[in-house]
Amino acid sequence: MSTSVQESTNPSGSSRQAAPTAIVRQWRNAVIFTVLAVVTLVVCGLNSIEDTVVFRLSESGDAIRLGDVQLAATPTGWVLGTVTAMMAVIAWVLGTRGRKVPKWCAVVFWAAFVIAMLVWAVSHADSNSLSLPGLLGGSLTLAVPLIFGSMSGLLCERSGVVNIAIEGQLLFGAFAAAVAGSVAHNAWVGLVAAMFGAVLVSLILAIFSIKYLVNQVIVGVVVNVLVSGLTGFLYSTVLSRSNVGLNAPEHLPSFSIPFLSKIPVVGPVLFDQSVIVYLMYVVVFLIWYGLTKTRWGLRTRAVGEHPKAADTLGVKVNLLRFWNVLLAGAVAGMGGAFFTLVSVSSFNKDMTAGQGYIALAALIFGRWRPFGALFAALLFGFATNLQSVLSLLGTTVPSQFLAMLPYLVTIAAVTGLVGRSRGPAASGVPYVKE
């Protein structure tokens, strides 16, 4: 920390020195950028091979075909490594002056780092060709339950309730969708059942954390264990031994939106999807609009930040929290339905595989904002899909490292490695009216 002295002039015309102003140096981003820039130069520059990587922008059936992008691995590694090094230098210069790294600098750095690593990994694979629409489309599909889960956590935490039970809500939603969809032979019935089942899980969270003031984190963990044990027991004793089709639901329909689905690269990714993906677009928009543009949103944010002040203005704090937690359960239920009505054709024990916790990390990474959580969930989906795609291409990158990739991104998010964030002030604090 250094200080700067400013001169000021008093009314008589004489100058005097003002109190020194402290400059808080910003080292964190500079250190991170430097370490990753060195890694990029060593791995993608020095350790590159003489090969050309082909990125396909279009598939054979696309109405508008774009040419492939070909990148020589070694020059690309050195160029992008140099770009990351330049961004690191900018971060050091700004850090010594107490200034934060601008967004454009961070975007350029992370884009160069990700592209350099992607080119290097594909160049070391048996196949040096990669379809970008396929990579992005798979990433969006894998991110869908994470997005619904993070939106569920957002509704709860903006209301002042920590929702650790996202995992249980997703899992029970998947179970209810499978059973109800199989019995009714209708995927839409399964979707409604998934929302209702997740609401029941949220009801447990709401009653114990809001009415009986039990520690919200403990309640969430207990609910997750309860749902895991209950669904596992029912799967082993009923679903896996059933001969009447209790675990064979129909899939939700998929369709493409005319014209929009024909846009190169992003069209097939965003507008040729299952109906659950289109519901996800609507849910994210409605939550953003509701929280920022409506009276309900203002009151929700108030009870999450200053519940006592909201109470003095006539807001029924605990009642609003209660209903918002149930609404969050319905949102998470849609994410649970994705597993059994879109992804696979049946329910399996603990099939959510901890994605509720990753959704919570996406919420933190997204700074408790709807679109921030959306893009964070997409990042985690990209990391998950990338390790699958690289494995299929036969890359020499160790499979153990690829399997760790989504969780490394999660750890980076929750530890503040990519930026610190502060949640709602009253999140996790029970409110007792005096």
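In β7, Val-54 finds its bridge partner in Ser-129. That contact belongs to a set of 3 bridges joining strand β5 to strand β7 (residues 129-131), and the two run parallel. Strands here are DSSP runs of E with at least two residues, helices are runs of H or I with at least four, and both are numbered from the N terminus. Two strands pair if DSSP finds at least two bridges between them. The model is a predicted one: local features need pLDDT of at least 70, side-chain atom pairs count only at pLDDT 80 or more, and totals for chains, interfaces and linings use all residues. Residues are numbered from 1 along each chain as its sequence is written, and side-chain values use heavy atoms, leaving out hydrogens and water.

Strand β5 (residues 52-56) also goes with β6 (residues 69-72), this time antiparallel and through 4 bridges. Here Val-53 sits opposite Leu-71 in β6.

Turning to the helices, α5 (residues 166-184) runs for 19 residues and spans 26 Å from first C-alpha to last, close to the 27 Å expected at 1.5 Å a residue (that is, 1.5 Å times one less than the number of residues). Because 16 of its 19 residues are buried, α5 is largely enclosed by the rest of the structure; buried means under 20% relative accessible area with a 1.4 Å probe, protein chains only. Just past α5, His-185 adopts a positive phi of about 55 degrees.

Asp-311, in helix α11 (residues 307-312), counts as buried at 17% relative accessibility. Leaving aside residues up to four places away in sequence, Asp-311 touches Val-317, Tyr-431 and Lys-433, with contact meaning heavy atoms within 4.5 Å.

Definitions and conventions. Buried < 20%, exposed > 50% of the residue type's maximum accessible area, 1.4 Å probe, protein only.
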